[in-house]
Amino acid sequence: MVGVGNPPWLTGAVRGDTSRTAEREVREPGGVGMVEQEAARYVEALAEAVRGHELAQRRAWWDLATGEGVEEAARVAEASALAIDDLYGRPEEAARVRGWMEELEAGSLLRRQLERVAREQARCAGPGELRREIVREEVALQARYHGFRGRDGSGEELSGPAIEAVFEGERDVARRREAWEASMQVGDAVAEAVRRLAGLRNELARAQGHRDGFAMGLAHQGLDEGWLMGLLGRIERDTREPYRVRKARLDGRLADRFGVAEDELGVWAGADPFFQRSPGLEDVGEALESWLAGRDPADLATRFLDGLGMNLRPVMASSDLEPRAGKSQHAFCVHLDRSGDVRILSNNRRGRTWAMTMLHEGGHAVYERYLDPGLPWLLREPAHTLVTEAVAMWLGRQAMDPEFLVEFAGAPADEVTPLAAALRREQAFEMLLFARWVLVMVHFERALYADPQAGDLAETWYALKQRYQLVEVPPDRAGREDWAAKIHLALAPVYYPNYLLGELLASQLRAVLLEESGERTLSDNLAAGELLIARVFRPGARLPWERLVEEATGEALEPRHFLREFAGRVSP
Ligand SMILES: [Zn+2]
């Protein structure tokens with residue numbers, strides 16, 4: 001999964017020298033032929049103009065993340081973002097594009113490019129001053145989140161890594177509670193600003209003809225709200241009971257681990273402040289760490305991708321993978337120029353987390369590398385954020401796959417085999433837990449935009465956490481704005497659905513492509529690799545994501561594969 005330091009653009013895009021080959025079927029003079037010529041000239045000129053700014057912007061992002069000439073990079077990043085928005089934010093051009101789209105047949109390369117342009121134009125519509133104000137608020141909030149340090153009971157500052165260390169290893173429940181409270185303090189400090197920002201997004205949404213910021217966020221990503229909420233309802237129903245059973249077992253284990261009664265555990269007993277990762281339902285954590293302890297994560301990902309017939313070496317050669325002072329703490333993949341300059345930034349250490357991270361980012365990277373270089377520039381990017389996330393998530397899951405562990409990490413088969421069932425159960429619990437956490441986030445975000453000034457958002461937050469995650473409401477938190485401690489709500493608006501949709505698609509790709517390849521796993525599965533390249537990577541954004549999923553897997557995006565894989569059940 002990506003973090004907040006890792007927004008959608010990072011896995012976006014490519015560029016190239018062949019955009020001039022944009023399809024131009026010149027028929028007879030006048031009529032559709034003229035429209036095509038005019039539209040094709042417009043698309044070509046626009047792509048040419050955007051391309052330069054996008055390259056400058058992505059180079060600046062890379063420099064910012066690697067700590068090179070940060071001040072200049074920040075200036076260039078902002079200037080190029082504004083220049084791109086300016087190119088797309090011209091109402092008279094948006095009207096012309098809509099006109100051409102009505103004239104041109106759906107399905108052609110030219111029409112598809114116009115659709116992509118129209119989507120960007122819709123994003124950039126509305127009063128320019130309001131959009132700039134939103135950007136300024138976001139930048140200011142980002143600085144406040146990153147600069148904030150919580151304090152423990154004695155007034156001592158606790159850094160992010162110090163809090164993480166407590167969540168990872170501390171057995172004293174009182175000390176865990178102190179760290180958790182410190183991690184929530186930023187909420188009260190920023191809540192008012194986040195509410196104001198949500199109000200500004202609502203204003204922009206209404207200017208663009210949307211109900212509110214939530215509806216706008218989904219519309220800009222081409223996600224239908226009714227469909228999404230229906231899908232989440234089904235996920236909720238079908239994961240409720242399996243989650244309840246496993247959560248009860250987990251509580252028992254945690255009570256043993258911390259030496260307290262179950263009703264004394266508190267929300268701070270989890271592996272992180274929001275209870276979004278598994279604190280270990282099964283005893284596999286130590287074994288996984290020991291198997292992966294001696295392995296270089298970059299080498300693992302490279303060899304694994306070799307087995308799929310995908311070459312990650314050119315990416316590795318230009319990547320920045322070692323931890324270093326002054327560089328971004330996150331991991332991400334970026335395609336700088338849409339013509340093959342794909343890089344990964346990471347902070348690799350030995351162990352499970354970074355092995356999974358490199359497999360995940362390696363997935364984004366090969367998607368970008370294997371885009372058809374003959375596609376017009378505007379279509380030379382993944383079909384959708386959720387599709388590239390699905391690929392990355394499927395690959396990331398391998399870090400817990402018994403066959404991967406033996407074959408690529410060199411773990412002794414006689415140690416892995418007896419733990420295979422427990423590994424599967426642990427991974428299934430992680431998926432259920434994550435799905436339930438996404439339900440909290442999406443429902444809360446919807447409530448936030450419905451009324452950013454609502455007096456009961458703090459209560460709504462814990463009501464949703466209680467309902468979907470089955471966690472107790474912590475004592476003495478009345479009126480505390482803990483929800484605002486979750487940085488995504490401020491800085492990655494309406495992004496969370498992509499995480500769950502990506503996991504659903506990962507399971508669907510797995511079910512269909514493994515079956516077709518005739519193998520049980522992805523390890524050394526050249527046939528599955530070929531299918532991924534041909535059906536998912538090469539087409540880029542040539543098709544709307546819904547069509548791409550149908551053509552790649554034979555059906556629309558469907559939760560059934562995910563539910564079967566991890567919840568062991570499917571409703572009729
Ligand atoms: Zn990702």
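Q: Which residues of helix 2 are exposed on its other side?
A: This is a predicted model: local features need pLDDT of at least 70, side-chain atom pairs count only at pLDDT 80 or more, and totals for chains, interfaces and linings use all residues. Residues are numbered from 1 along each chain as its sequence is written. A residue is exposed if 12 or fewer other C-beta atoms, placed from the backbone, lie within 10 Å of its own, buried if 20 or more do, and partly exposed in between. On the other side of helix 2, the exposed residues are Glu71, Glu72 and Arg75.

Q: Within what arc do the buried residues of helix 2 fall?
A: The buried residues in helix 2 are Ala73, Ser80, Ile84 and Tyr88. The arc is that of the directions from the helix axis to the C-beta atoms. Seen down the axis, these residues line one face of helix 2, because they fall within an arc of 65 degrees.

Q: How far does helix 2 reach from its first C-alpha to its last?
A: Helices (H or I, at least four residues) and strands (E, at least two) are DSSP runs, numbered from the N terminus. Helix 2 covers residues 70-88, which is 19 residues. The expected span is 1.5 Å times one less than the number of residues. That gives 27 Å for helix 2, and its reach is close to this, at 27 Å.

Q: Which helices are included in what covers the buried residues of helix 21?
A: Helix 21 (residues 526-537) has buried residues Ala528, Gly529, Leu531, Leu532, Val536 and Phe537. They sit on the same side of helix 21, because they cover an arc of only 160 degrees around the axis. Their cover includes helix 13, helix 14, helix 20 and helix 22.

Q: Is glutamate 225 exposed, partly exposed or buried?
A: Glutamate 225 is found in helix 9 (residues 225-258). Glutamate 225 has 16 C-beta neighbours inside 10 Å, so it counts as partly exposed.

Q: Which residues does glutamate 225 touch, leaving out those up to four places away in sequence?
A: Two residues are in contact if their C-beta atoms, placed from the backbone, lie within 7 Å. Tryptophan 354 is 129 residues from glutamate 225 along the chain, and their C-alpha atoms are separated by 35 Å. Those that glutamate 225 touches are Ala215 and Leu218.

Q: Which residue in the turn between strand 3 and strand 4 has a positive phi?
A: Strand 3 and strand 4 form a hairpin with 6 residues between them. The positive phi in the turn is about 55 degrees, and it belongs to arginine 338.

Q: What is the radius of gyration of the protein chain?
A: The protein chain has 23 helices and 4 strands. The radius of gyration is taken over C-alpha atoms, and the globule rule is 2.2 Å times the number of residues to the power 0.38. The rule gives 25 Å for 572 residues; the protein chain is close to that, so it is as compact as a globular protein of that length, with a radius of gyration of 24 Å.

Q: Over which residues does pLDDT stay under 50?
A: pLDDT is the predictor's confidence in each residue, from 0 to 100. The mean for the protein chain is 92, and 94% of its residues reach 70 or more. Where pLDDT is low, the predicted coordinates should not be read in detail. The stretch where pLDDT stays under 50 is residues 1-29.

How values were computed:
Pairing = 2+ DSSP bridges.
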